[in-house]
Amino acid sequence: MLKTLLPALVIGTMLTSPALAQSLTVGVQNLPAWLDPGKDFGNQGSQIYFNSFDPLILKDYSQPGANFVPGLATAWEQTSPTEMVVTLREGVKFHNGDTMTADDVVFSFERILQDMTPEFAGIHRQFFDNFASVEKVDERTIRFTTKKPEPLFEILLNTSEASIVPKSHIAGLSGDPAAVEQSDFDAFMMAPVGTGPYAISEFQPGETLVWTRFADHWGEPAPLETVTLRRIPELATRVTALANGEVDLITNVPPDQLQTISSNPSLKVEGAVTPLFHVIFFNTENPKLSNPKMRQALAYAIDRNLLNEALWGGQAKVPPAHTYEQFGELYLPDADTYSYDPDLARQLLEEAGYDGSPIRFDTDPVYYTNGLLAAQAIQEMWSAVGVTTNINVTTKWTGPDDDLEVRNWSNPMYFADPAGSFGVMWAPKGSGSEMTWPTDEAYAQLWDTFRYSTDVASRKQAYEQIMDVVKEQMPVLALYQPYESYGMRQGVTWRPQPGHIPYVLDFRAGSISLE
């Protein structure tokens, strides 16, 4: 709640302080069951890590582009196409009081590169597969070496997954304090320690998280004394909690609730187009969908602009391909990977020999804002071209199931490059490709040309060719970038920063103020 926490007798002293002791309570739709930025690239954890952890390289998050600035590193130099040398900031403290060392930095990457848990192995594959070694040169210098030329050094060292954690602290959490064990990582997930402006002082998995200002943070002090996140999964309950003053800010507000909130004079709404796609993807190994023409037909039958108008009031963004403006020189605004053509859909259905068998569409009931409504609208659009659809509403993640046919998903932009969005899920080793779209050697070679070329023009040409493959094979259809809205009290000045990955609740200095 909005309140001043200090006793009246010290208010006068604190008025000259850079940060007044204020608190905030946030009603969120979901909270994770555990926390560790090196293991996690899920949407729930993405809300949290930025306030409590730091990577070596930060950036100006008020801008969508990649304007990098010092973080836990004060300087960095790419000395060759496969080598980056980083100078560490001195005197950085972890939340437990330990001073950050070069050994902590090496360990933070080695736990991923050495696949110390299955989750680290996943991050290794999706983010750092090109990294060969991380070496301590001296107490202030780290050398990163890659297997192939690396055009994304700065971008990768800026990711949440590259956050720095305390080696000795983790090793001492269980068992032998001289060795890092699985049980140490398990314990760390329940009480994580970073270097950010807010320490995690309380965490009840899936229910509550409390941040407390960390007085020894190396950078600008946190503007708030405490922030409490409360999981309130039901939308109506979140909106009521905001209206009643139980919370100061709520997440995941769908368009049909915006007027309810904004009509209350004590409340307001903020929002932004999110750097994330709501997608549907097809199990190309299921006999019903093994013919690319069948998948193309289903994609051509979806009027994504109508979905935007009906579900998002026109505020979402419908892409021409799997592409974001944040990609900069690699953005493809003129691509035609995805389009609406119901007549062509009918023709392709006939060519594919569609026999009228129902297609099963899996969706969670509430996880994605408007996800179920979108599935129902798509069901009608497919019916209009002669396809029968059965919607399977389930809280079970069915992506890896052999009998999967079609389902919805989200495809975030984990970093501002096609490799950080499309690639994480649809590269040859992407999580989506490995589930439902086995790719061939030609695609793998094309991906390598895109991923490891140090020439921007060559990378753009290769990515255009990759989008041509997607158009032909249609393993995934990007529906839109949703417009995510937040309700809040009038006294809260905050909105999502355009330079962040999706769903980040950035409460650092300069990002929020309270009255």
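This is a predicted model: local features need pLDDT of at least 70, side-chain atom pairs count only at pLDDT 80 or more; totals for chains, interfaces and linings use all residues.
Two strands pair if DSSP finds at least two bridges between them. Helices (H or I, at least four residues) and strands (E, at least two) are DSSP runs, numbered from the N terminus.

Residues are numbered from 1 along each chain as its sequence is written, and side-chain values use heavy atoms, with hydrogens and water left out.

**Domains**

- The domain assignment gives domain 1 (21–52 + 196–273 + 484–514), domain 2 (53–170) and domain 3 (276–480). Such bounds come from an automatic or database domain assignment.
- The centres of domain 2 and domain 3 are 32 Å apart, taken over C-alpha atoms.
- Domain 2 gives 14 residues to the contact, and domain 3 gives 18 residues. Contact means heavy atoms within 4.5 Å.

- Seven of the seven residues of β14 are buried, so the strand is largely enclosed by the rest of the structure. Buried means under 20% relative accessible area, exposed means over 50%, and partly exposed lies in between (1.4 Å probe, protein chains only).
- In a regular strand the side chains alternate between the two faces of the sheet.
- In β14, Leu 276, His 278, Ile 280 and Phe 282 point one way. Phe 277, Val 279 and Phe 281 point the other way.
- β14 runs antiparallel to β17 (residues 406–412), and seven bridges join them.
- β14 also runs antiparallel to β18, with four bridges. Here Val 279 has Ala 478 as its bridge partner.

**Asn 411 in β17**

- Asn 411 lies in strand β17. Its relative accessibility is 0%, so it counts as buried.
- A polar atom of the Asn 411 side chain lies 3.0 Å from the backbone oxygen of Ser 421. A polar contact is a pair of N or O atoms within 3.5 Å; within protein, one must be able to donate a hydrogen and the other to accept it, and residues adjacent in sequence count only if both atoms are side-chain atoms.
- Beyond its neighbours within four places in sequence, Asn 411 is in contact with residues including Leu 276, Phe 277 and Val 279. Tyr 324 and Trp 426 are also among them.

**Helix α11**

- Seven of the nine residues of α11 (residues 292–300) are buried, so this helix is largely enclosed by the rest of the structure.
- Among the buried residues are Met 294, Arg 295, Leu 298 and Tyr 300.
- Their cover includes β14, α13, β15 (359–363), α14, α18 (456–473) and β18.
- Asn 291 caps the N-terminal end of α11. A side-chain oxygen of Asn 291 lies 2.9 Å from the backbone nitrogen of Lys 293.

- Arg 304, Leu 307, Asn 308, Leu 311 and Trp 312 are buried in α12 (residues 304–312). They cover an arc of only 100° around the axis, which puts them on the same side of α12. The arc is that of the directions from the helix axis to the C-beta atoms.
- Asn 305, Glu 309 and Ala 310 are exposed, on the face turned away from the buried side of α12.
- The cover over the buried residues of α12 includes β14 (276–282), α14 (371–384), β18 (476–480) and β19 (483–489).
- Asp 303 caps the N-terminal end of α12, with a side-chain oxygen 3.3 Å from the backbone nitrogen of Asn 305.
- Gly 313 follows α12 and has a positive phi, near 60°.
- Asp 334 is in the loop between α12 and α13 (342–352). Asp 334 is exposed, with a relative accessible area of 76%.

**The four-stranded sheet**

- An open sheet of four strands has the order β5-β6-β8-β7, with antiparallel pairing. β5 (73–80) and β7 (131–138) stand at the edges, each with a single partner strand, so one side of each has no neighbour in the sheet.
- The twist averages 20° from one strand to the next.
- Six bridges pair β7 with β8 (residues 141–146) in the antiparallel sense. Ser 133 has Thr 145 in β8 as its bridge partner.
- Helix α4 (residues 102–113) lies across β6 (83–88), β7 and β8, at about 170° to β7. Axes are lines fitted to C-alpha atoms, for helices over the stretch in contact, and angles run from 0 to 180 degrees between N-to-C directions.
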